[in-house]
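Here is a short briefing for a first look at this structure. Keep the sequence and the 3D view open as you read.

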Amino acid sequence: MRALNRARLLWAYLLRRTRVEALPVEYIVETTAKCNIYCPMCPRESHPQPKEDMTDAIFDRLVSGTGRSAEHMMLIGLGEPCLDPKIFDRIERCDRHGISTLLSTNGTLLDEKMAEKMLKSKLEHITLSFDGMSKETFEYYRKGARFERVKENFVRFCRMKHERGAKVQVVVQMVRMEGNAHEVEEFERFWSAVPGVDAVRVKEDETNLMRPDAGHAAGDWKYPCHYLWRGPVYVKHSGDVYPCCQSYMLDGAPIGKVGEAAMEEIFNSAEMRRMRSLHVTGRGGEIDICSRCCTTIPHPVLVAGSLLFHGRTVRSVLPWVERMIYFSKRRNRWLTPPKKTGDLVQIQRSR
């Protein structure tokens with residue numbers, strides 16, 4: 001079923017069809033809107049969030065309705081997943097439907113007990129967010145977090161993973177910004193040497209808060225945005241569904257709500273078809289949220305490749321592909337970054 005779903009997505013994308021007889025392979029699912037720190041680059045600073053978790057009814061309906069086609073659910077959003085009291089139940093439920101789970105954590109709650117539970121769970125991928133290699137820099141970008149404690153939590157988690165031979169993929173990630181760019185080399189050197197780390201990642205900031213003039217020029221949209229066909233769609237804790245991972249943060253409107261319509265109907269709503277129509281005619285820049293989006297636009301060949309294989313395979317080769325493109329002389333042919341930004345994402349394999 002999943003292979004057939006991907007084939008239908010690929011067919012619709014290549015033929016530029018605005019109606020898709022398939023469902024996304026990826027979902028970003030905000031199981032909690034709660035967070036315990038404040039970060040100047042986080043959309044929470046401009047979009048205050050309630051202290052609420054996603055209900056069982058919404059989550060169960062989402063998983064049940066997409067379980068035969070979904071390959072990834074990233075249990076993240078504008079909240080810290082470790083604050084969700086049911087995060088491990090949600091990971092287990094996804095696993096029963098054959099859906100891989102991924103999450104990202106700020107590390108403040110990743111003590112030894114939490115680490116033990118994470119490593120025993122069916123979680124397949126975890127991103128450890130660490131935005132600075134000095135106390136001053138880290139605590140500027142992660143207000144409310146203690147540099148020494150988070151570093152200790154991350155190193156211990158990686159060591160425990162290594163000692164147990166756990167299969168979860170561990171990526172330590174820095175979002176490169178003006179205030180921490182000088183620490184990138186030290187970041188890569190330190191985390192590459194920690195046992196249990198599978199990849200070290202440095203990426204550009206994909207929000208507009210720290211660089212409000214960033215975005216894509218009208219001419220950048222030579223190819224349709226793959227998010228509108230492949231996903232991920234973004235599901236807020238309330239059940240509101242947004243067309244991509246950036247739309248909520250850019251004040252876009254939801255395209256539907258879990259529980260009020262089937263995902264097939266939401267994914268082919270009038271707004272989704274309108275956005276696809278503009279993208280296939282090279283007019284994606286006319287859509288407000290797309291013109292202000294700070295993500296990178298991949299070449300259709302890369303999009304097609306991501307739909308030929310199961311998501312687990314795509315995840316395993318992605319670091320190599322991104323690294324090859326980064327060092328390519330014609331990298332902007334394969335990935336179109338937003339204007340007024342730095343280099344493309346870097347990924348370094350450490351094992």
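Contact here means heavy atoms within 4.5 Å. The model is predicted. Three further stops follow: a residue in a loop, a residue in a helix, and a cavity.

**Helix α3**
- The helix α3 spans residues 87–96.
- Its buried residues are Ile 87, Phe 88, Arg 90, Ile 91, Arg 93 and Cys 94.
- In an α-helix there are 3.6 residues a turn, so residues three or four places apart point the same way.
- Just after α3 comes Gly 98, with a positive phi of about 75°.

**Thr 31**
- Find Thr 31 in the loop between β1 (26–29) and α2 (56–66).
- Is Thr 31 buried or exposed? Thr 31 counts as buried because its relative accessible area is 1%, and the cut-off for buried is under 20%.
- The side chain of Thr 31 makes a polar contact of 2.8 Å with the side chain of Asp 84.
- Leaving out residues up to four places away in sequence, Thr 31 touches Asp 53, Met 54, Phe 59, Leu 75, Asp 84, Ile 87 and Arg 90.
- Two of these neighbours, Ile 87 and Arg 90, are also among the buried residues of α3.

**Arg 315**
- Arg 315 sits in helix α13, which covers residues 311–326.
- Arg 315 is partly exposed, because its relative accessible area is 23% and that class lies between 20% and 50%.
- Which residues does Arg 315 touch, not counting those up to four places away in sequence? They are Glu 26, His 72, Met 74, Leu 102 and Gln 169.
- Take His 72: it is 243 residues from Arg 315 in sequence, yet the two are 10.0 Å apart in space, C-alpha to C-alpha.

**The cavity**
- Rolling a probe the size of a water molecule over the atoms shows where empty space is left.
- How many cavities of 30 Å³ or more does a search of the whole structure find? The search finds one.
- The largest cavity holds about 80 Å³ of space.
- Its lining is made up of Trp 221, Cys 225, Tyr 227, Leu 228, Cys 244, Gln 246, Met 275, Ile 289, Cys 290 and Cys 293.
- At least two lining residues come from each of α8 (227–230) and α11 (288–291).
- By class, nine lining residues are nonpolar, one is polar and none is charged.

Technical notes: Residues numbered from 1 in each chain as written. Predicted model: local features only at pLDDT ≥ 70, side-chain atom pairs only at ≥ 80, totals over all residues. Heavy atoms only, no water. 1 Å grid on protein atoms, 1.4 Å probe; cavity = no way out; pocket = protein on both sides within 12 Å on 5 of 7 lines; lining within 4 Å. Points joined across faces, edges and corners; volume = space filled by probe spheres on them. Helix = DSSP H or I, 4+ residues; strand = E, 2+ residues; numbered from the N terminus. Nonpolar A, V, L, I, M, F, W, Y, C, P; charged D, E, K, R; others polar. Buried < 20%, exposed > 50% of the residue type's maximum accessible area, 1.4 Å probe, protein only. Polar contact = N/O pair within 3.5 Å; in protein donor to acceptor, adjacent residues only side chain to side chain.
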